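Dear colleague,

Here is the structure I said I would pass on. My notes on its strands follow below.

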Amino acid sequence: MIHWAVPGLMVALACLCTGCRGSRGGAAGLPAAVEISDDQSIPLFARVLEAAYPDFVCGYADGALLFTDGERMPCDDGKEKDFRQRLDDTDIEDMFRDVYPLGVPEEPAFLSDPGRYRSEAFMMKMYGHLPEEMWRHLVRVDWFGQELLFTSVNGAADSLRAVAAELQALPRRYARYFKDSSSFFWREVRGARRRSAHGYGIAIDICTAYADYWRNNNPGAGETDAVAYRNRIPSRIVEVFEKHGFVSGTKWYHYDTMHFEFRPDLLLYARVYPGAAAPGGVSGNKH
Ligand SMILES: [Zn+2]
């Protein structure tokens, strides 16, 4: 099991062969240690993806990610996009536009949404294109007396179990934040035509009673309007999720504070991106 929230300890900046290495992994289907290639000729995001998802990504060449099954997937679709277009039509490179802010942040920077960008081609490649493909990978995770479905791909379910075990050790006053949770459901993002992370089996909404969602708190606001921020989820909970590879919707400008999503690539990227491993992070990354 990788403990993602120990900056500098688990991230070994070692030279790593970027050729295909086949499937390997630790107890949770994740590598025993996270190593990132120091080959500067390869974009950092590509090296991070290879380190975070070694069962799928095995290299990079000529602007494309290389997969263990031989597929090549272009990282940049070459399109000029505005904010909304980038959300609806995300390529691999776009996923890393905003660097996830580690630590306890101030309010999210304007339009900084690290994690809302998901390349559907990339996500479907790993987690399944169709509901029946998804179902094959779903397993039950005991979550404070609830049974939640989560994907076993990339060690996501085991990581959620590790989150639950650690949250259960918190003082009793935290228990109210884990009631009425939900995970897998096949749907599109509210107000959009793209698939929700819940449709990949990598996201959990931890409660509704203490949730804040940007659309609900700012009726009528569009994606590029200024919105008022509100969050009632304690930072201690966010820290535990981040430790096990989950990003938090509390750190998005378009916040969805009950939402946590298994995105170890974004946490790894934040730890190694120059100057980003500080509260507030970096927005508008140009790689
Ligand atoms: Zn959610």
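Subject: sheet and helix

Strand 4 is joined to strand 5 (residues 72-74) by 3 bridges, and the two run antiparallel. Helices (H or I, at least four residues) and strands (E, at least two) are DSSP runs numbered from the N terminus, and two strands pair if DSSP finds at least two bridges between them.

The model is predicted: local features need pLDDT of at least 70 and side-chain atom pairs count only at pLDDT 80 or more, while totals for chains, interfaces and linings use all residues. Residues are numbered from 1 along each chain as its sequence is written.

Within this pairing, Leu65 has Met73 in strand 5 as its bridge partner. The hairpin of strand 4 and strand 5 has 4 residues between the strands, and there Gly70 takes a positive phi near 100°.

On strand 3 (residues 57-61), the pairing with strand 4 (residues 64-67) is antiparallel over 4 bridges. Ala61 stands opposite Ala64 in strand 4. This hairpin has 2 residues between the strands, with Asp62 at a positive phi near 50°.

Together the 3 strands form an open antiparallel sheet in the order 3-4-5. Strand 3 and strand 5 are at the edges with a single partner strand each, so one side of each has no neighbour in the sheet. From one strand to the next the twist averages 30°; axes are lines fitted to C-alpha atoms, for helices over the stretch in contact (C-beta atoms, placed from the backbone, within 7 Å), and angles run from 0 to 180 degrees between N-to-C directions.

Helix 1 (residues 44-52) lies across strand 3 and strand 4, at about 160° to strand 3.

Regards

Conventions
Two residues are in contact if their C-beta atoms, placed from the backbone, lie within 7 Å.
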